Amino acid sequence: MKRILLSGGGTGGHIYPALAIARTVKKRYPDVEIAYIGTEDGLESRIVPKEGNIHYYTIEIQGFKRSISWKNVNTIRTFISAVKRSKAYIKEFQPDVFVGTGGFVSGPPVYAAHRMGIPTLIHEQNVVLGMTTKFLSRYVDVVAISLEESQKYLGRANRIVFTGNPRATEVVQASATQGRKSLGIADVHQSIVLLFGGSRGAKAINEAVLQMVDRMKELPHVHFVYVTGEVHFDAIRSRIPMEELPNLSVKPFLYNMPDVLAATTLVVGRAGASTLAELTALGLPSVLIPSPYVTNNHQEANARWLEEQGASKMLLESELSGETLWREIKRLLEDPEEHHDMSEAARRLGRPQAAEVLVDELEKIATARF
């Protein structure tokens, strides 16, 4: 492959898999040219350019309202305009293959690529399909899925391939040593509990952690790493008596999340697609608190599926408090047999070669078409 075009945005769960694919392609084909279609002010506009070797194109697009709304009329207009602009980018870049990883931003360019005869693949990260995947599945050459459970929702797809999430490939290459070093934890035998609410943080999780923070003194041999989200950091940090809690680190964000995860014993967090890929790739037990504010309530489906496989414990926000959260954390830390069983269950679900498998699929469809 000489040129690959990618698109995906809105959340890290759409962006990081696309970048994992890009890096894997670059390793296999050092001279490959890579471009990305995103929005001007979305999260992808801040993350993708940092790669340094990806040309970034922008379109203007907005998501459809699921309820009947006049705003959808304008959304259709912007979609048509975004398809037209995407076609111009595709004509200029001349990609061998196009990959979409979800979010409404990937809808117009992937559809445009299909209309122009470019081989196309979309990747779905969650159990329940997003609207973009539902729409595009009837057009693209291949739908790649992260979780086998998704297959039952894809009756109209041309071809379905169970690849796993390419984020997993990068996580298994992470360094636990570097993770501990970045946290200032010298003891390689000290257990680490990582608590986070996604890239932006989560108010409900933050409040529950604040309610139980004093209980951390009960487990001085455990180091707790609490990631608040940048927008919440100052307010949360001011409410914690850090001088009384030497076994607690509070961070606004972790740019080296894979390394920290590699050093972690137990994870508490949301149930987004990237998180599931990371947990299963590394065989990490978890307490998952799905966000109830996401499309199709897909995080609950993700968390419930992982719990059913014996790899996690799910706590709904309606059940969440400092007491319920602490009870689950302490139980899993003090029950090595259950911790081990959950770890093995998670590892069995992992697809650490996901990015390589996806690139294999891209080679197949690019070769078949040309």
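An open sheet is built from six strands, arranged in the order β10-β9-β8-β11-β12-β13 with parallel pairing. From one strand to the next, the twist averages 15°. The model described here is predicted, and every value given is computed from it.

Within this sheet, strand β8 (residues 191–196) and strand β9 (residues 222–227) run parallel and are joined by six bridges. One point of reference in this pairing is Val193, whose bridge partner in β9 is Phe224. Helix α13 (residues 322–333) lies across β8, β9, β11 (266–269), β12 (286–288) and β13, and runs at about 165° to β11.

The packing can be considered next. In soluble globular proteins, nonpolar side chains tend to be buried together. In this model the largest nonpolar core comprises 32 residues, and those with the most contacts inside it are Leu195, Met216, Phe224, Ile240, Leu248 and Leu325. At least two residues of this core come from each of β8, α8 (203–212), β9, α9 (233–237), β10, β11 and α13. Helix α8 supplies the largest share, five residues. The surroundings of Leu248 illustrate the packing: not counting residues up to four places away in sequence, Leu248 touches Val213, Met216, His223, Phe224, Tyr226, Ile240 and Met242. Another core, of 31 residues, lies apart from the largest one and includes Ala263, Leu306, Ala311 and Ala346.

Leu183 belongs to helix α7 (residues 176–183). Is Leu183 buried or exposed? Its relative accessibility is 9%, and because the limit for a buried residue is under 20%, Leu183 counts as buried. Leaving aside neighbours within four places in sequence, the contacts of Leu183 are Ile192, Val225, Ser249, Lys251 and Val260. Of these, Val225 is 42 residues away from Leu183 in sequence, while the C-alpha to C-alpha distance between the two is 8.4 Å.

Ser291 is placed in the loop between β12 and α12 (298–308). With 9% relative accessibility, Ser291 counts as buried. Leaving aside neighbours within four places in sequence, Ser291 is in contact with Arg270, Asn297 and Gln299.

The other sheet to be followed is also open and parallel in its pairing, with seven strands in the order β3-β2-β1-β4-β5-β6-β7. Here β3 (54–58) and β7 (160–162) stand at the edges; each has a single partner strand, so one side of each is left without a neighbour in the sheet. Direction ignored, neighbouring strands of this sheet are turned by 25° against each other on average. Helix α1 (residues 12–28) lies across β1 (3–7), β2 (33–38), β3 and β4 (97–100), and its direction is at about 170° to β1.

Three bridges join β4 to β5, and the two run parallel; the bridge partner of Val99 in β5 is Leu121. How many residues of β5 are buried? Five of its five residues are buried. In a regular strand the side chains alternate between the two faces of the sheet. In β5, Thr120, Ile122 and Glu124 point one way, Leu121 and His123 point the other way, and all are buried.

Helix α3 gives the most, with four residues.

Technical notes: Residues numbered from 1 in each chain as written. Predicted model: local features only at pLDDT ≥ 70, side-chain atom pairs only at ≥ 80, totals over all residues. Heavy atoms only, no water. Pairing = 2+ DSSP bridges. Axes fitted to C-alpha atoms, helices over the stretch in contact; angles between N-to-C directions. Contact = heavy atoms within 4.5 Å. Buried < 20%, exposed > 50% of the residue type's maximum accessible area, 1.4 Å probe, protein only. Core = buried A, V, L, I, M, F, W, Y, C linked by side-chain atoms within 4.5 Å.
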